[in-house]
Amino acid sequence: MDFNATAPIRPEVVEAFLRASQNVGNPSSVHGFGRSARRLVEDARRSVAALVGSRSQDVVFTSGGTEANNLALKGSGKRLIVVSAGEHDSILQAMPDAESVSLNPDGTLDLAKLEQVLAEAEKRAGAGGLLLSVMLANNETGVLQAIPEISQIAKGFDALVHCDAVQAAGKVALDIVALGVDMLSLSAHKIGGPQGIGALVLTPGLDLQPLLLGGGQERRRRAGTENVAGCAGFGVAAELAVTHLGDAHSLAVWRDEIEERLTALSPESRVFGREAQRLPNTSCISMPGVPAETQLMAFDLAGVAVSSGSACSSGKVQPSHVLRAMGASDAEAASALRISLGWSSKAEDVEALVEAWTTLFLRHAGRETSLDAAASSVA
Ligand code: PLP
């Protein structure tokens, strides 16, 4: 139940990956072996383009979502960068000096603040102009941003718009034109593809400075021999993401069931972003008074894989910047658990999670009650 960290690779992807890895050619070679490797890469590029409604020549393969995000921010010229406060670390750490726009308590972007920050930034932007980066779906809460509306606001300030769609892909329909953005980041391993491959998708004609220099691959936008097997796996995962979108939507039934059962047991638990439009597969819920690290260990012992905050920030003890940006107290944020479902989730998994959560919650509540009783008897 940790699909937002990484989704299990789909069997059809494994098959395509293995087949492609037996190919001996370099896609840049002109001989037959090279040409067959090139075919694999270009077929995959078409499938990834179809996932987001772009032209295939506008898909730049990268090593994953992190590189796509870095390329978008660093490759689009000397622009003044504005980001949302809930962005992934691969945005926030790539541009530590970026202007930040705050979130509403439900996790959506504060649009009045956005206009204010863009208006201020525009005065200081100089000839390079502005770049706004806002994710479509948050990795911790699943909250969806109103990207078409946000893009429209940004276009009023002549800003380029980048959207991190890493968590949205395969869970909601994607169309780069309808979103109105200039750049879109994707990562294969979040949609049942291989780890270590992703893409930055551009609007036609957008000029991009490469981060990696050397060969002329990816139309000079990203040097280095292509990850042929990774591309082939990504292509199949992208096709399956389109055909199985309906299954992803149905996950909301289990997500809602989990939230209803847990909050019935613990009315003080907060479901972050419940009031907003969210991904169908993600729930971020607090277990008051029980640190997320304690919860993770208990769930792990019960054979249930979940996450505290994003996978990239788990292991860090400080509370999630996303939940803090939604106004959560340190204590509330520190007790939040992320549950994320996906293509291979089963009803038994939901039962196992609810059972493990209930056991831990009651054990903790029992200890609280006995401590209260001890305190009052001392008093
Ligand atoms: N963006 C978001 C929203 C993510 O959730 C992640 C990974 O957790 C990334 C970017 C980074 O992607 P990758 O793991 O492919 O580098």
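Which polar side-chain atom lies 2.9 Å from an oxygen atom of the ligand? I looked this up first, and in this predicted model the atom belongs to the side chain of His 189.

**Entry: around the ligand**

I then listed the surroundings of the ligand and found 15 residues around it, the closest being Gly 65, Thr 66, Asp 164, Ser 187 and Lys 190.

**Entry: α9 against α2**

I turned next to helix α9, which spans residues 228–243, and to helix α2, which spans residues 32–52; I found their axes 8 Å apart and the packing angle about 30 degrees. Angles under 35 degrees count as roughly parallel, and α2 and α9 are therefore roughly parallel to each other. I recorded their crossing as left-handed. On the α2 side, the contact is made by Ala 37, Leu 40, Val 41, Ala 44, Ser 47, Val 48 and Leu 51, and the residues that α9 brings to it include Cys 231, Phe 234, Gly 235 and Glu 239. Sorted by class, this contact of α2 with α9 holds 13 nonpolar, 2 polar and 1 charged residues.

**Entry: α9 against α1**

How do α1 and α9 run, roughly parallel or roughly antiparallel to each other? Helix α1 covers residues 11–21, and I read an angle of about 155 degrees between α1 and α9, with the axes 8 Å apart; the two are therefore roughly antiparallel. The crossing of α1 past α9 is right-handed. I noted that Glu 12, Val 13, Ala 16, Phe 17, Ala 20 and Ser 21 of α1 meet a set of α9 residues, among them Val 228, Gly 230, Val 236 and Leu 240. By class I have 10 nonpolar, 3 polar and 1 charged residues in the contact of α1 with α9.

**Entry: α5 against α6**

The last pair I looked up was helix α5, residues 111–125, and helix α6, residues 147–155, whose axes come within 10 Å and cross at roughly 25 degrees. Leu 111, Leu 114, Glu 115 and Leu 118 of α5 make the contact with Glu 149, Ile 150, Ile 153 and Ala 154 of α6. I sorted the residues of this contact into 6 nonpolar, no polar and 2 charged.

Key. Residues numbered from 1 in each chain as written. Predicted model: local features only at pLDDT ≥ 70, side-chain atom pairs only at ≥ 80, totals over all residues. Heavy atoms only, no water. Axes fitted to C-alpha atoms, helices over the stretch in contact; angles between N-to-C directions. Helix = DSSP H or I, 4+ residues; strand = E, 2+ residues; numbered from the N terminus. Parallel < 35°, antiparallel > 145°, perpendicular 65-115°, else oblique. Left-handed = near helix turned anticlockwise from the far one by under 90°. Contact = heavy atoms within 4.5 Å. Nonpolar A, V, L, I, M, F, W, Y, C, P; charged D, E, K, R; others polar. Near = heavy atom within 4 Å. Polar contact = N/O pair within 3.5 Å; in protein donor to acceptor, adjacent residues only side chain to side chain.
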